[in-house]
Amino acid sequence: MRHGERVFAALSHGRVDHPPVVACLTVTGARACGVSIQDYFEGPPERVVEAQLAMQRAWGHDALIGFYSVAHEVAAFGGGVQYFADGP
């Protein structure tokens, strides 16, 4: 069963060979790219897309999450964002 087939079958209550794995790997993407978390989230969006796709190819999880960075939502409402080198 292919990734997309597994996810769609599970969402429609169909039979699957195993439960779909959906990994939320936002911070891990920065590490995979070798950049700081701040550069990852504030850099070009293509960097995030490339990292997420590379991790999916390497680890084989079934779906990607469209979550980008909640910090952008906070900043849009006038909130401050502080990044730390050792984590989110």
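User: Which residue with a positive phi follows helix 1?

Analyst: That's H13, with a phi near 60°. Before we go on: this is a predicted model, where local features need pLDDT of at least 70, side-chain atom pairs count only at pLDDT 80 or more, and totals for chains, interfaces and linings use all residues. Residues are numbered from 1 along each chain as its sequence is written, and side-chain values use heavy atoms, with hydrogens and water left out.

User: Why is H13 called exposed?

Analyst: Exposed means over 50% relative accessible area, buried means under 20%, and partly exposed is in between (1.4 Å probe, protein chains only). H13 has 75%, so it counts as exposed.

User: How do you know how many helices there are?

Analyst: Helices are DSSP runs of H or I with at least four residues, strands are runs of E with at least two, and both are numbered from the N terminus. In this chain that gives five helices and zero strands, in the pattern α-α-α-α-α.

User: What puts the buried residues of helix 1 on the same side?

Analyst: Those residues are R6, V7 and A9. Their arc is only 165° around the axis, so they share a side of helix 1. That arc is taken from the directions from the helix axis to the C-beta atoms. F8 and L11 are exposed on the other side of helix 1.

User: Which residues are buried in helix 2, and what do they pack against?

Analyst: T26, V27, G29 and A30 are the buried ones. They cover an arc of only 150°, which puts them on the same side of helix 2. R31 and A32 sit exposed on the other side. The buried residues pack against helix 3 (37-42) and helix 4 (45-59), going by contacts, meaning heavy atoms within 4.5 Å.
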